[in-house]
Amino acid sequence: AGCATSSAATDIVASGPRDATVIDARNKRRAATLTQKPWGDMSFQTNTLLRGFTIRGGNASADAFRPDLGGGALGGTLVDCTVSGNAASFGGGVAYANLFGCDLVKNRAVRNGGGAAHSRLVDCRVDGNQAAWDGGGLEFCAAERCVVAGNTAMRDGGGAHFGSLTS
């Protein structure tokens with residue numbers, strides 16, 4: 001999807017139901033890159049917001065920019081989105097993002113954070129994600145009022161590994 005190039009707030013809103021407006025990377029690259037910062041602390045520094053999309057088929061390892069992070073999305077804010085069928089080393093679904101009312105389903109991480117890594121989630125569903133190492137659903141995330149179920153990890157934290165879960 002390319003990098004956000006402005007410090008001004010940018011809201012990209014889908015029309016219709018979320019399954020009708022799809023960003024599909026077809027496993028050729030990351031589906032949505034919403035940050036410009038290549039290294040260091042990437043925590044939540046962009047003003048780009050995606051609302052109402054299905055984000056699928058992202059493969060961060062095929063992307064030239066931060067090929068280890070966020071197969072579906074890297075950075076930014078996602079609202080009322082479905083993130084499914086994406087892959088990365090860390091954060092198969094998303095990394096370094098804010099998520100509100102989103103579903104993260106059937107994403108996978110070669111290492112940690114099958115659904116999300118280093119992200120903030122509120123009122124989200126994290127289900128059926130996988131990590132080869134730790135954090136099948138979440139890795140180093142802050143999750144509030146989220147349903148985390150049916151995720152698997154080969155080592156530690158099938159649902160979540162490090163971070164916080166609050167109701």
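I took two strands as paired if DSSP finds at least two bridges between them. Strands are DSSP runs (E, at least two residues), numbered from the N terminus.

I note that this is a predicted model, in which local features need pLDDT of at least 70, side-chain atom pairs count only at pLDDT 80 or more, and totals for chains, interfaces and linings use all residues. Residues are numbered from 1 along each chain as its sequence is written, and side-chain values use heavy atoms, with hydrogens and water left out.

**Entry on the sheet**

I looked up strand S16 (residues 125–127) and found three bridges joining S16 to S19, in parallel.

I then traced the open sheet of six strands, which has parallel pairing and the order S2-S5-S8-S12-S16-S19. Strand S2 (22–24) and strand S19 (147–149) stand at the edges with a single partner strand each, so one side of each has no neighbour in the sheet. On average, neighbouring strands of this sheet are turned by 10° against each other, direction ignored (axes are lines fitted to C-alpha atoms).

**Entry on the aromatic pair**

I searched the whole structure for aromatic pairs (ring centres within 6.5 Å; planes under 30 degrees apart are stacked, over 60 edge-to-face, the rest tilted) and found one. The rings of Phe140 and Phe162 are stacked, because their centres lie 5.0 Å apart and their planes stand at 10°. Phe140 belongs to strand S18 (residues 138–144) and Phe162 to strand S21 (residues 160–166), so the pair ties together parts 22 residues apart in sequence.

I also checked exposure (buried under 20% relative accessible area, exposed over 50%, partly exposed in between; 1.4 Å probe, protein chains only). Phe140 is partly exposed at 40%, whereas Phe162 is exposed at 54%.

Key. Helix = DSSP H or I, 4+ residues; strand = E, 2+ residues; numbered from the N terminus. Axes fitted to C-alpha atoms, helices over the stretch in contact; angles between N-to-C directions. Phe/Tyr/Trp six-rings, centres within 6.5 Å; stacked < 30°, edge-to-face > 60°.
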